[in-house]
Amino acid sequence: MLNRVSLFFSRSVKQKSKKPAVNQGPYSFPREAYSLAAIELDWLKLCGIQGIIIDLDNTIVSEDDRYVSPGAEAWIEQAKLQGFQFFILSNGKRRYRVKAWSHRLEIPAINPAKKPFPFAFRKAIKYMRIKPKQVVVIGDSRHTDVLGAWLSGCASIQVATLPHPFRWWEKLLGKRVQTPWPNDRELWDFDSFY
């Protein structure tokens, strides 16, 4: 995966003058990244992206509140300064937690979003007043975030999942269904603010 990301960044530096098609052809942004901070905001702009629907659990902060994605809050602030609109969609069961993060990041949220069903995605897109093709969904899960993006007509980027306790379906399958956090990458501990 790192070779593909490296190749992407080398191409993005060389091809800044061309406007790439979203997730099409050799100059599209990657469908995978190890973290939010690894996603190039300038490249998203070149792809015509104006809005970002983002997952909370195991994308920004681990669902057990033990880890936070390195540089995630700074990346979100930088994206806002560049004019990107945000919306959080979370299937998390602790509504107070989603509300607290929504307030902390100053991003509206829907919880429970019932992903991958497209209703919450469509509501977020309508709130941002942009077209689905101008939105990228970023999350750690193929079966909720990526599938929900596809059902809603949006592009998606899957990030590596932050370490978290096994869920019941992961125990049943005997493995995690998301891409695990790379062992060679930095991971930040999170001091809860609740």
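Helix α3 is followed by Gly-83, whose phi is positive, near 100°; helices (H or I, at least four residues) and strands (E, at least two) are DSSP runs, numbered from the N terminus. The model is predicted, so that local features need pLDDT of at least 70 and side-chain atom pairs count only at pLDDT 80 or more, whereas totals for chains, interfaces and linings use all residues. Residues are numbered from 1 along each chain as its sequence is written, and side-chain values use heavy atoms, with hydrogens and water left out.

The buried residues of α3 are Ala-72, Trp-75, Ile-76 and Ala-79, where buried means under 20% relative accessible area, exposed over 50% and partly exposed in between (1.4 Å probe, protein chains only). Because these residues cover an arc of only 100° around the axis, they lie on the same side of α3, the arc being that of the directions from the helix axis to the C-beta atoms. An α-helix has 3.6 residues a turn, so residues three or four places apart point the same way. The face of α3 turned away from its buried side carries the exposed residues Ala-74 and Leu-81, while the cover of the buried residues includes α2 (41-46), β2, β4, α4 (95-105) and β6, contact meaning heavy atoms within 4.5 Å.

The count of aromatic pairs comes to 2, with rings of Phe, Tyr and Trp (its six-membered ring) pairing if their centres lie within 6.5 Å, and with planes under 30 degrees apart counted as stacked, over 60 as edge-to-face and the rest as tilted. Trp-75 and Phe-86 form an edge-to-face pair, at 6.2 Å centre to centre and with 85° between the planes; this pair links helix α3 (residues 72-81) to strand β4 (residues 85-89), its members being 11 residues apart, and both Trp-75 and Phe-86 are buried. The rings of Phe-87 and Tyr-127 have centres 5.3 Å apart and planes at 70°, so this pair is likewise edge-to-face, and it connects strand β4 with helix α5 (residues 119-128) across 40 residues. Phe-87 is buried, with a relative accessible area of 5%, whereas Tyr-127, at 54% relative accessibility, counts as exposed.

An open sheet is formed by 6 strands in the order β1-β7-β6-β2-β4-β5, with parallel pairing; two strands pair if DSSP finds at least two bridges between them. The edge strands, β1 (32-33) and β5 (109-110), each pair on one side only. Strand β2 (residues 51-54) and strand β6 (residues 135-139) pair in the parallel sense over 4 bridges, and Ile-52 stands opposite Val-136 in β6.
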